[in-house]
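Biologist: I have a model open and a few things to ask about it. Can we go through them one at a time?

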Amino acid sequence: MAYSKEMHEKARAEIKRRKNDAENTAAQRKNELTFKYPEFQFIESELAKTGYETIKAFSMPKEKAEIELAKIREKNKTLRVERTNLLKALNLPEDYLDVKYTCQKCEDTGICEDYDTERHISHGSEFCSCYLDILKQYATKELNRSTPLELSSFEDFCLDYYPLT
């Protein structure tokens with residue numbers, strides 16, 4: 001079925017809203033923990049520093065960079081474990097800070113990458129089933145809006161047209 005440009009725009013807006021909501025919720029959770037728990041703020045700032053340190057390591061000679069990157073990986077791993085332990089201590093799930101997308105396949109983009117994991121090649125992208133479901137919902141609403149079903153009721157139903165057999 002072909003969908004109108006307007007329906008595609010509405011579907012894209014809905015997908016964008018879902019993505020923004022999920023990302024904002026995750027950011028709010030992180031901000032809340034950062035505000036309430038100084039140790040969480042420390043861990044997050046140290047993790048951010050590892051990103052900067054990684055970039056800096058790439059400007060070093062190869063041998064020194066490899067040693068530095070190994071140290072950074074270890075530091076990063078330790079900090080992540082500390083963060084997970086803190087979440088557990090607060091009775092929060094390990095994935096508390098993860099973005100919880102409505103659709104796990106496309107992560108609320110509406111597009112799925114057709115990726116061959118064995119051959120490591122992409123076959124292009126296509127609309128995700130969640131996007132197509134939204135289009136179908138809008139098409140159904142539009143169809144229902146254009147039919148007079150809400151004007152009909154059983155009060156208008158006349159049995160005279162149907163013979164008793």
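Biologist: Which helix do Glu46 and Lys49 lie in, and how many residues apart are they?

Modeller: Keep in mind that this is a predicted model. Both residues lie in helix α2, which covers residues 38-57. Glu46 and Lys49 are three residues apart, about one turn of the helix.

Biologist: What do Glu46 and Lys49 form, and how far apart are the closest N and O atoms?

Modeller: Glu46 and Lys49 form a salt bridge, with the closest N and O atoms 3.0 Å apart.

Biologist: Is Glu46 buried or exposed?

Modeller: Glu46 is buried, at a relative accessible area of 12%. Lys49 is partly exposed, with 43% relative accessibility.

Biologist: How many salt bridges are there in the whole structure?

Modeller: The search finds 12 salt bridges. One of them joins the side chains of Arg17 and Glu14, at 2.6 Å from N to O.

Biologist: Where do Arg17 and Glu14 lie?

Modeller: Both are in helix α1, residues 5-36, and they sit three residues apart, about one turn of the helix. Glu14 counts as buried at 19% relative accessibility, while Arg17 is partly exposed at 40%.

Biologist: Which residues are linked with Glu14 and Arg17 in a network?

Modeller: Arg18 and Asp21 are linked with them in a network of salt bridges.

Biologist: What about Lys36, which residue does it form a salt bridge with?

Modeller: The partner of Lys36 is Glu32, and their closest N and O atoms are 3.8 Å apart. Because Lys36 and Glu32 are four residues apart in helix α1, about one helical turn separates them. Glu32 is partly exposed, with a relative accessible area of 38%.

Biologist: Changing topic to the cysteines. How many disulfides does the count come to?

Modeller: The count comes to zero disulfides. Cys112, for one, is in no disulfide, and the nearest cysteine sulfur, that of Cys128, is 3.4 Å away.

Biologist: Are Cys112 and Cys130 buried or exposed?

Modeller: Cys112 counts as buried at 14% relative accessibility. Cys130 is buried too, with a relative accessible area of 10%.

Biologist: What is Cys106 in contact with, leaving aside its neighbours within four places in sequence?

Modeller: With that exclusion, Cys106 is in contact with Ile111, Cys112, Cys128 and Cys130.

Biologist: And the largest nonpolar core, how many residues has it, and which have the most contacts inside it?

Modeller: That core has 13 residues, and those with the most contacts inside it are Cys106, Cys128, Cys130 and Leu135. Helices α1 and α4, the latter residues 129-146, each supply at least two residues of this core. The largest share, five residues, comes from α4. Apart from this core lies another one of nine residues, including Ile43, Leu47, Leu79 and Tyr96.

Biologist: Last one, Ile67. Where is its place, and is Ile67 buried or exposed?

Modeller: Ile67 is in helix α3, residues 62-89. Ile67 counts as exposed, at 53% relative accessibility.

Biologist: How far is the C-alpha atom of Ile67 from that of Ala57?

Modeller: The two C-alpha atoms are separated by 9.1 Å, and Ile67 and Ala57 are 10 residues apart along the chain.

Terms used:
Residues numbered from 1 in each chain as written. Predicted model: local features only at pLDDT ≥ 70, side-chain atom pairs only at ≥ 80, totals over all residues. Heavy atoms only, no water. Disulfide = S-S within 2.5 Å. Buried < 20%, exposed > 50% of the residue type's maximum accessible area, 1.4 Å probe, protein only. Salt bridge = Lys/Arg side-chain N within 4 Å of Asp/Glu carboxyl O. Core = buried A, V, L, I, M, F, W, Y, C linked by side-chain atoms within 4.5 Å. Contact = heavy atoms within 4.5 Å.
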